[in-house]
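Here's a quick briefing for anyone opening this one for the first time. Have a look at the chains, then read on for the main points.

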Amino acid sequence: MTDPTGDRRRFLAAVGAAGAAGLAGCSGFGGLDGSDAGTDAAANASGSTAGFTEFRGSGPLAEGRGEFGGTRIADLPDLSGELTVYLGGGEGGLYRDLVSILQEIYPDFRVNLRESGTADAANTIIGEGEATPADVFWSVDAGSLAAVANEGLTATLPAAVVDPVPQTFHPDDEWVGVAGRARSIPYNTDALSAEGVPESVMTIPDRPDLAGSMGWAPTYGAFQAFVTAMRILEGEGTTREWLSAMVEAGVTEYSNEFLVSNAVADGEIDAGFANHYYALRVQASRPDAPVDLAFTSGDAGGLINAAGAAVLAPTDAQQLANTFVRHLLSAEAQEFFATRTYAYPMVEGIPPVGGLPSIDELNPPDIDLGRLSNLQPTLELMREVGVL
Amino acid sequence: MSAEEPGRVRAAVGLGGDDGDEVGPGVAALAGAVAAAVLSPLAWLLLRATEIDPAAALSLVTSPTATEVLANSLLLVGVVTSASVLLGVPLAVLTVQTDLPFRRLWTVLVALPLVVPSYIGAFAYVSAFGPNGELADLLGPFGVSVPTVYGLPGTALVLTLFVYPYVFLTTRASLLSFDDSQLEAARTLNDGYLAAFRRVILPQITSGVTAGALLVALYVLSDFGTPAIMRFDVFTRVIYVELNSFGVGRANATLLSLELLAVTAVVLALESRVGGDETAGYGTPASATPVVSLGRYRWVAAALPALVTLFTLALPVGVLAMWLVRSGPGYAGGGLAFRPAFAANSVYVAAVAAGATVVLALPVAYYAGRSDSWFARATERATYLGYAMPGVVLGLALVFFGIRYAPALYQTLPLLVFAYVVRFLPQAVGSTRSSVLGVDRQLLGAARVLGASRRRTFRRVTLPLVAPGLLAGAALVFLTTMKELDTTLILHPTGFTTLVTYIWRVQEAGYYGRAALPALVLVVVSGLSMIPLLRQGGDDA
């Protein structure tokens, strides 16, 4: 092995050489063939892309992407010291990989990572209270971050950390989104055309052609967050009616949204409700699968939840913790989230993969993501209707 | 010491009263301390419960949801426990007392389902029998529709298939320690086997059967994975949902947990009543020669264990193998690859937990087996409560206490091992206590008369005789620790990855292909721990 500091210098030099590369034009509804996003950026990129390729995933969805703008790791203060990070979720170990890359760049930086479910992690921090050994809480669900913030256990993030991210994803600066997860309707392209997918989730139960051919995963957290959003936006009565109508029309249950998306690709169902990246994951493993994504507009079906991070108030490494969160928002880390977890990047200038529409094009509903932690009434509603 | 002499003599000649002073105060204090330690996490529940306004608490406990959940839980416990007895007892009789072909093989195979974690078993079932499962795909073209697996029938079926071995194992142990000459005597009196079974065997194995049934009932009450996957609303599923909703949900989860523990207490009290009288020490080890010839029904009888094996082992292993074969890039995902070190971590922590549990179970079991006092009884029963505490709730309770009162132990192996002890102590207490009861008291009396001190008698006579029970308890604790997920996720030392936490990590993100290999390793390694369980009773000698 070579001297680690030498490695680091070379690494950062490569990143620096790439400079401020061109911004990818967002490509709109290009389908999932991964054709156009970022190609012009690739053309503009000069010099080495070593910095990005280290962070970037492989496979058809990640191909042909160039260098993008945003704050580079080289522009940020160094990470040095030790952090304890509680991870809620973690994308099957992918977040762990990102941390490993950061540790490679900074030999003096060490992260103690604890993974558990999003709610388990939040409940653990709440149970630990002021004595928590965690410096950072990084979770794939905004509701769990808000729950910890509500207990007064988070430190307000400075403007330098949150400024690159749209306001929606740091409503009170107690936490900040680092990767977006959009609600979507994966549909089978043999059964439906893009125009055949309703523009609003609210009208889905009224569509006779979709009766008996939709799938959902009601025990899944992301689905419950979607119903919570509907309850907040449309009221309890309308949500109850919507749920009942879906049940009456005949909807197939799955235990999670990967299976929903997989079933769509298999043609078991024509369309379903799922977070957007699951269909991309199916697509990545089976490039010929007849599956594409549709997004509804301005309603609960267009909700964009976020994986995010919060610095915990009791930490004595606040500075380092803030810098760590800034690294999660660096162009390189954002590229990581975009190309490996197929999430929506949170900073401007990094496009999502595979011709996904940009966040601006999505028109998500106007909703405070912190309110998604108020799950109780949602569960009661779902039980009442008999879907839970 | 001399003050206790009369009690010892009375016990030795079989006149043991209910004062129970055969056991020294040291043992009683030790047993009491163990019980108090494992009950301590309960304090967290009480503390949380006081945060709730009593009126709100009452309305929650009496709400339609809560009543329905209570009814569902009781129903599930009733169905699974009865079904486990109906499955476990005949299998035990077949493999111990008949000339079933391949008896030894079946003994191993029908005990093995215990090593399959319920979340894997249930998942395999949904994947095979679900509305869009493999079997539906396979049979669909032939016009055969697969019955639904969700709700009570599916949950009860899957739970029964994976927990009935508790009954099988305890019944088998009772049958093995049963003196065949009694059966022969009954049969010389012209009783048929069935009549002899009813009159002679059944009364003597009742305690074994109920001990297994109790473990089944408590497991069903505390299991979260199966009802969640099979969509049946029981306490644990609702507790979990409430915990996921924060704020008031946490308080609700606490109340429901307390209600669950109250149900457990009732089950424990009921079991004490039907537990049968087991004061007799029938020290003669039984011969393992089959006593019943099945004649030409031998092969028909073999269909029962064969069918059970098909549904409990072949099916989940087949589904796992399919995931393994099928894993393309999208199923494989990223992250840390599976490492043998995870299996080593699992084995290490499970072995430590098994050791710690039997050491702590010994005073409780010895005290309960040797004394008839109410305190001995209460101590033993109390250790069962922790077994019915859902893992998440226990984990969060230990987070709260650990960080406040034992910060040096927080997120270290000792605290994790303590959590396992709280969860699994009754498994070791049960089998050890049976062994203690099985020790012929006249032997102890003889040793004392010969001038051996109580301690020396214990070490030289009792301990060797109860060793098989301790070993069986250790094996049970080992394999249940191997598959315990919730407490491990919450309390593991940072950076300590085990088989189950790895399986959880990849499966949570939908990378089933990645879960297959560690799941198979888990099943195989846990399967090895069945060996001491099955050697018990000298069957293999």
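Of the 541 residues in chain B, 53% count as buried; a residue is buried if 20 or more other C-beta atoms, placed from the backbone, lie within 10 Å of its own, exposed if 12 or fewer, and partly exposed in between. Keep in mind that this is a predicted model, where local features need pLDDT of at least 70, side-chain atom pairs count only at pLDDT 80 or more, and totals for chains, interfaces and linings use all residues. Residues are numbered from 1 along each chain as its sequence is written, while chains are lettered from A and ligands numbered from 1 in the order in which they are written.

**Chain B overall**
- Chain B has 28 helices and zero strands; helices (H or I, at least four residues) and strands (E, at least two) are DSSP runs, numbered from the N terminus.
- Take the contacts in chain B between residues at least 6 apart in sequence: 83% of them join residues at least 24 apart. Two residues are in contact here if their C-beta atoms, placed from the backbone, lie within 7 Å.

**Helix pairs in chain B**
- α10 (residues 165-176) and α12 (residues 193-222) of chain B pack at about 160°, with axes 8 Å apart. Axes are lines fitted to C-alpha atoms, for helices over the stretch in contact, and angles run from 0 to 180 degrees between N-to-C directions.
- That angle makes α10(B) roughly antiparallel to α12(B), a label for angles over 145 degrees.
- Among the residues that meet are B:Tyr166, B:Val167 and B:Leu169 in α10(B), and B:Gln204, B:Ile205 and B:Ser207 in α12(B).
- This contact of α10(B) with α12(B) has 11 nonpolar, seven polar and no charged residues. Ala, Val, Leu, Ile, Met, Phe, Trp, Tyr, Cys and Pro count as nonpolar, Asp, Glu, Lys and Arg as charged, and the others, Gly among them, as polar.
- α24 (residues 454-483) and α27 (residues 512-528) of chain B pack at about 170°, axes 9 Å apart, so α24(B) is roughly antiparallel to α27(B).
- Here B:Leu479, B:Met482 and B:Lys483 from α24(B) meet B:Leu522, B:Val525 and B:Ser526 from α27(B). By class, that's four nonpolar, one polar and one charged.

**A glutamate to find**
- B:Glu184 sits in helix α11 (residues 180-188) of chain B.
- Why is B:Glu184 partly exposed? Because B:Glu184 has 13 C-beta neighbours inside 10 Å.
- B:Glu184 and B:Ala196 are 12 residues apart in sequence, and their C-alpha atoms are 8.8 Å apart in space.

**Where the chains touch**
- The contact takes 38 residues from chain B and 42 from chain A.
- Several helices of chain B each supply at least two residues to its side, including α14 (235-243) and α15 (248-274). The largest share, six residues, comes from α21(B).
- The side of chain B that touches chain A has 21 nonpolar, 13 polar and four charged residues.

**Inside chain A**
- Chain A is assigned domain 1 (73-180 + 304-360) and domain 2 (182-303 + 374-385), with bounds from an automatic or database domain assignment.
- The C-alpha centres of domain 1 and domain 2 of chain A lie 28 Å apart.
- 14 residues of domain 1 of chain A are in contact with 11 residues of domain 2 of chain A. The domain 1 side divides into seven nonpolar, six polar and one charged.
- Helix α12 (residues 318-328) of chain A is mostly covered, with nine of its 11 residues buried; A:Phe324 and A:Arg326 are among them.

Technical notes:
Angles under 35 degrees count as roughly parallel, over 145 as roughly antiparallel, 65 to 115 as roughly perpendicular and the rest as oblique.
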